[in-house]
Amino acid sequence: MKIKLTIATALLTLTSSVFSHSLQLEIREVKSNQGKILAQLFNGESNYQTNNPMMAQQTMAKEGTLIVTFSNLENGEYAIRYFHDENNDNQLATNLIGIPTEGYGYSNNAKGNFGPAKYQDMKVSIVDSDVTTHSTVIY
Amino acid sequence: MERRQALKSLVVGAATTMLPATESLAAFLQQETDSLAENKVLFDKALLNNPNLIGFQGTHQEFSKTRLTIEGTIPKNIKGSFYRNGAALFERGQQRYQHLFEGDGMIQDFHFENGEIYHQGKFVKTRKYQQEQQAGKFLYSGPDSKVINGLPVSTPEAINTANTNIIPVNGELWALWEAGSPVSISKKDLSTLEYVNLGRNSDYGNTLKGMAFSAHPKIEANGDIWNFGLSHTGHIVLYQLNANGVTRNVNLIKTSYRGGMLHDFLITHKHILLILPSLEKNNTTSGFFNAIEFNDQLPMQVLVVDKATLALKKRFDLPPGFAFHYGNAWEESDGSIHFDASLYSSVDVLHHMNTLMKGLNPTSLSTAKTTLFTLKPNGTVQHDYIGENSEFPRINNEKVGLRNHELYTIGSTETMLWNDTVSNYHISNGKIQQYVYGKDFLVEEHIAVSPTNKEGEGYLIGTALHVPSKRTCLNIFDVKALSNGPVCRAWLPYHIPLGFHGNFVATT
C-alpha cells in the first residue's frame, strides 16, 4: 500500500513537473476592440515549418494589451504566431500581392524583414518553469 | 469579386519570399564599417571644392511662407500653385544616404497669389520620417544604404519616403513613391494626412492596401487616373481610378520582368503601354539600385494592354534600352501606336546618382536621347532619335494619351553634372526651341501651364538653382518664345534641394 502510494505520488509529481507549465504571450498595441486575436502554438521547428500547430487560441480583441496563455505544456521549444482578425473571417487578410492587411505578430517579439519572421527569432524554450514572452502587433 | 479572388490566389504567399534574405546580414554588418558615415565624409570634402554639390546636400529645415523677388512680370492668367516633390533629407547624425532616391520627400509649393509668388516647403511626415526624426538618426536601411542594426522592414510601407511626384486628387494632393501607397497631403498647409488605401470606397477594400502605386500616374482629360505598380515578383498591377481617386478597375499582369525597377508607363486613348527596359537585377550584388544591371542582349519589351478590360493584348520587342521617363503615347486609326522615350543605352545614369551622393564626378556619363517609337499593327517597330541629351519629358496635360505636337524636356549643354537647358521639341515639324540657362544653374523639370488648356499656348514653368548666389528661382517662359528666355524669374532668398517631379494646380 505504501509502495503504491509512493509510486502514485511520484507519478503525480512527474506529471506536474513535465506538463504543468504555461507559455504566456503578452500582445501589445492591439489597435481596436474589433474582432478577435487568433494565436497558434507550435512545438518545435519542424512543426512550424510544416504548418502543424499543437494548439490554437481565440481571444476577443481588446485595444491595448491582452494576454494569451497556453497551458499544460511540457519542457521544450515553442513558437507562437497570431493575427488580429478584425473582420472575423478566421483568415489573415492580405492585399493582392500577399502582404498582410490585418495586424500580426510572433512570440519573442520577432519581426520579419520583407517577409515573415524566422523561426529562430520567435522560438521560446520552456525548461521546468512558466514562460512569459511579448509581441507588439505589426499593422 | 471572383476575379479579385483569382488574382489573390495567384500571388498569395509571395510575401514569404519578398526581397533578399537578410538572416546573416545583421551579423555581417556588425563587423562592417559604417558606409553611411564614410559617405558623409566624402561628400563634405567634395563640397568644399565643388559648389554645384549644394543641390544634392539636402536639408533638415522646412521652409515657411516666403515671398519671392520678381524679375520681369508675372503673367496675370497664372492662378494656382506649382507643387514639386523630391528627396530632400539625406543626412542624419554623421551619416549620409548612398543613393539620391533614398532621401525623405519634401513638398515645395510655389503659390501665385495677388500678383505675387510665395514659397513654402514641408517634409512629407511619413511614419519613417517621424520615427527617425524622433530618434535623431536613421533607423531603417534604404534600398542601397545599409544602416547597421537597422529596424526590420515588415512591408515596403515602413520605408515609404513619398519622395518622387505629387498630383492633385479630389481636392487633396498625393505624394507618390513607386513602391508603396500614395500619401495624401493638404493643399492648404502641406500637412500630411494619411496613407491612401487605394481600395477605399470601392469593392476592393483592403485588397489594395499598401500596394505599390507608381510615381507616374497618367491623368486623362476626363479626370481618370491610370497607374501601375510593380511587385517584387515582376508582376504588374494596373489601376484605373476615377477623378475622385476611387478605384474602378484593377488587374494583375504576369510578367517575367526581373529588372527590379519600373518607373514610368504610358497610355493612349485605348491602351496602356507597359515598357519593360533591358534591366536585370543581379541577386549576388549588394543593394537594390546598385544590383540593377543593363543587359545589352535583352530587348526592351512593350506590353500593350486594353484599357477597357485591363487585359494584355499584344507584345512588341524593341532594341535593348532603358528609360526612366516617357512623355506621351497616342494611337492612329489604323492601330499604329506612337510614343516617345528619354532613352539610354545603359543604366549608368542610375548608378551616377550613387556617385553624386559621394560628391564625385562620374567618369563618363550616358545621356538620354529623345526617341520616337512607332509600333505597327503588323508587329514591326520603328524608332528615330530626335534629340540629344533630354530628360524629364512633359507634355500639355490635355494631350495625355492623345496626339501631342510638342514635347518639353530638360538636358545639359554646358555642364555634365546636372541639367542646364530647357527644350521644346515640335514633334510634328522637327523644330526645336531651346533656352540654355548655362553652367551656373542646376535646372529642374519644366512643365506646361496653359490657362486656355491648349497645347502651344501659355507657359512653360520650372525651377533652377543658381549656384553662385545659392538661390533657387522659378522661371516662367512664354511657350511660343522659349528661346527668348523667361518672361518672369522669381527668386527665393535661399536655395532648396533639387527635386524630381511636380504639377501645377490651377485655382478655380
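Chain A contains 3 helices and 8 strands, where helices (H or I, at least four residues) and strands (E, at least two) are DSSP runs numbered from the N terminus. Starting at the N terminus, the elements of chain A follow the order α-β-β-α-β-β-β-β-α-β-β. The model is predicted: local features need pLDDT of at least 70, side-chain atom pairs count only at pLDDT 80 or more, and totals for chains, interfaces and linings use all residues. Residues are numbered from 1 along each chain as its sequence is written, with chains lettered from A and ligands numbered from 1 in the order in which they are written.

Chain A has 139 residues, of which 35% count as buried. A residue is buried if 20 or more other C-beta atoms lie within 10 Å of its own, exposed if 12 or fewer, and partly exposed in between, with C-beta atoms placed from the backbone. Of the contacts in chain A with a separation of 6 or more, 70% are between residues 24 or more positions apart; a contact means C-beta atoms, placed from the backbone, within 7 Å.

A nonpolar core is a set of buried Ala, Val, Leu, Ile, Met, Phe, Trp, Tyr and Cys residues joined through C-beta atoms within 7 Å.

| Core | Residues in core | Members include |
|---|---|---|
| Largest core | 135 residues | Ala175(B), Val237(B), Leu273(B), Leu274(B) |

Leu274(B) is among the residues with the most contacts inside the largest core. Not counting residues up to four places away in sequence, Leu274(B) touches Phe228(B), Ile236(B), Ile253(B), Phe265(B), Leu303(B) and Val305(B).

Methods:
Two residues are in contact if their C-beta atoms, placed from the backbone, lie within 7 Å.
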